[in-house]
Amino acid sequence: AALSAALERGELLRGVAERARQLGHEIVRWVAHDEESIAMCPRCSARIYVRLDVDPPVVDGEALDELCPR
């Protein structure tokens, strides 16, 4: 069960990072604690926040809504 949850988390985070990349952001690493993950574009500091302990997961942040200015 833990491995399956980790695979699902990785799949979700890859998809979210790809959405940000389509707006020009560079998402290179995630910081995770319990059911929360945060990433930041090093070029413009736009963030992504993902919370997995709710259904559907909470996915938010300016890196998913705004173009990277750099």
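Modeller: One cut-off before we start: exposed means over 50% relative accessible area, buried means under 20%, and partly exposed is in between. Also, this is a predicted model.

Biologist: Fine. Then Asp34, buried or exposed?

Modeller: Asp34 counts as exposed, because its relative accessibility is 60%. Asp34 is found in the loop between S1 and S2.

Biologist: What about the phi of Asp34?

Modeller: Phi of Asp34 is near 55°, which is a positive value in a residue other than glycine. Most residues other than glycine have a negative phi.

Biologist: What do S1 and S2 form?

Modeller: S1 and S2 form a hairpin, with two residues between them and Asp34 in the turn. The two strands run antiparallel and are joined by four bridges. One of the pairs is Trp30 with Ala39 in S2.

Biologist: Zoom out. What is the strand order in the sheet?

Modeller: The order is S1-S2-S3-S4, in an open sheet of four strands with antiparallel pairing. Strand S1 (30-33) and strand S4 (58-60) are the edge strands, each pairing on one side only. From one strand to the next, the twist averages 10°.

Biologist: How many bridges join S2 to S3?

Modeller: Five bridges, between strand S2 (residues 36-40) and S3, and these strands run antiparallel. Within that pairing, Glu36 stands opposite Arg51 in S3. S2 and S3 form a hairpin too, with six residues between them.

Biologist: Which residue in that turn has a positive phi?

Modeller: Ser45, in the turn of the S2 and S3 hairpin. Its phi is near 70°, and Ser45 is a residue other than glycine. Ser45 counts as partly exposed because its relative accessible area is 40%.

Biologist: Which residues of S3 are on the covered face?

Modeller: Ile48 and Val50 are on the covered face, while Arg47, Tyr49 and Arg51 make up the uncovered one. In a regular strand the side chains alternate between the two faces of the sheet.

Biologist: What joins S3 to S4?

Modeller: A hairpin, through six residues. Pro56 is in that loop between S3 and S4. The peptide bond that joins Asp55 and Pro56 is cis, with omega at about 5°. Most peptide bonds are trans.

Biologist: Is Cys41 buried or exposed?

Modeller: Cys41 counts as buried, because its relative accessibility is 0%. Cys44 counts as partly exposed, since its relative accessibility is 23%.

Biologist: Last topic, pockets. What volume does the largest pocket have?

Modeller: About 160 Å³ for the largest pocket.

Biologist: Which residues line the largest pocket?

Modeller: The lining consists of Ala5, Ala6, Glu8, Arg9, Leu12, Glu35, Leu52 and Pro57. By class, five of the lining residues are nonpolar and three are charged, with no polar ones.

Biologist: Thanks. Give me the spots to look at again.

Modeller: I would list the positive phi of Asp34, the positive phi of Ser45 and the cis peptide bond between Asp55 and Pro56.

Definitions and conventions:
Residues numbered from 1 in each chain as written. Predicted model: local features only at pLDDT ≥ 70, side-chain atom pairs only at ≥ 80, totals over all residues. Heavy atoms only, no water. 1 Å grid on protein atoms, 1.4 Å probe; cavity = no way out; pocket = protein on both sides within 12 Å on 5 of 7 lines; lining within 4 Å. Points joined across faces, edges and corners; volume = space filled by probe spheres on them. Nonpolar A, V, L, I, M, F, W, Y, C, P; charged D, E, K, R; others polar. Pairing = 2+ DSSP bridges. Axes fitted to C-alpha atoms, helices over the stretch in contact; angles between N-to-C directions. Buried < 20%, exposed > 50% of the residue type's maximum accessible area, 1.4 Å probe, protein only.
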